Amino acid sequence: MYSAMMNRGCAAFILLVMFLNTAGCGPDVRLGQVSGQVTLDGKPLSEARVIFRPSHGRMSQAITGEGGQFELYYTIDRAGALLGNHRVTISTSEPISPSEVTPELVPEEYNVKSTLTAVVKGGENTLDFDLKHTHE
């Protein structure tokens with residue numbers, strides 16, 4: 001249990017550092033609010049990193065909760081994602097130490113070889129992702 005709490009703490013710290021080290025967060029940027037749920041084979045996927053990457057501009061990201069719910073953040077204190085088309089990646093792999101990472105539970109077609117896309121519009125966007133393992 002302590003290890004799981006440390007993993008969440010490390011993930012939150014890494015997320016915070018990434019947000020603080022990025023530039024270009026002017027108030028004139030138009031964002032849509034994005035929330036939803038991630039499931040894997042019909043079950044909620046907790047502690048997964050959801051990243052929306054626009055073709056131009058800063059990405060937005062979130063960590064899913066116990067029920068797989070997420071809300072994207074553009075900066076540490078600003079919820080949302082840039083309007084337009086995004087490539088979406090979802091991953092459970094997180095660094096624990098220089099030589100150890102948490103296992104990847106999500107098939108690669110949703111992360112390193114992601115085929116997921118989403119369109120963010122002005123206002124509220126509810127975008128759910130029902131991921132599946134392909135069984136051959």
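Ring pairs join Phe52, Phe70 and Phe129 into a cluster. The structure is a predicted model, in which local features need pLDDT of at least 70 and side-chain atom pairs count only at pLDDT 80 or more, while totals for chains, interfaces and linings use all residues. Residues are numbered from 1 along each chain as its sequence is written, and side-chain values use heavy atoms, with hydrogens and water left out.

Rings of Phe, Tyr and Trp (for Trp, its six-membered ring) pair if their centres lie within 6.5 Å; planes under 30 degrees apart count as stacked, over 60 as edge-to-face, and the rest as tilted. By this rule there are two aromatic pairs. One of them is formed by Phe52 and Phe129, an edge-to-face pair with 6.1 Å from centre to centre and 80° between the planes. Phe52 belongs to strand E3 (residues 49-54) and Phe129 to strand E14 (residues 129-131), so this pair ties together parts that are 77 residues apart in sequence. Strands (E, at least two residues), like helices (H or I, at least four), are DSSP runs numbered from the N terminus.

Phe129 also pairs with Phe70; this pair is tilted, with 6.3 Å from centre to centre and 35° between the planes. Because Phe70 lies in strand E5 (residues 69-71) and Phe129 in strand E14, the pair ties together parts that are 59 residues apart in sequence.

How accessible are these rings' residues? The term buried means under 20% relative accessible area, exposed means over 50%, and partly exposed lies in between (1.4 Å probe, protein chains only). Phe70 is buried, with a relative accessible area of 5%. Phe129, at 8% relative accessibility, counts as buried, and Phe52 is buried as well.

Another contact with a ring involves a charge. A charge sits over a ring if NZ of Lys or CZ of Arg is within 6 Å of the ring centre and within 35 degrees of the ring normal. The charged end of Arg58 sits over the ring of Tyr74, 4.8 Å from its centre.

The backbone also deserves attention. Asp41 has a phi near 55°, a positive value in a residue other than glycine. Asp41 is placed in the loop between strand E1 (31-40) and strand E2 (43-44), and at 36% relative accessibility it counts as partly exposed. Glu47, a residue other than glycine, likewise has a positive phi, near 55°. The loop between E2 and E3 holds Glu47, which counts as partly exposed at 33% relative accessibility.
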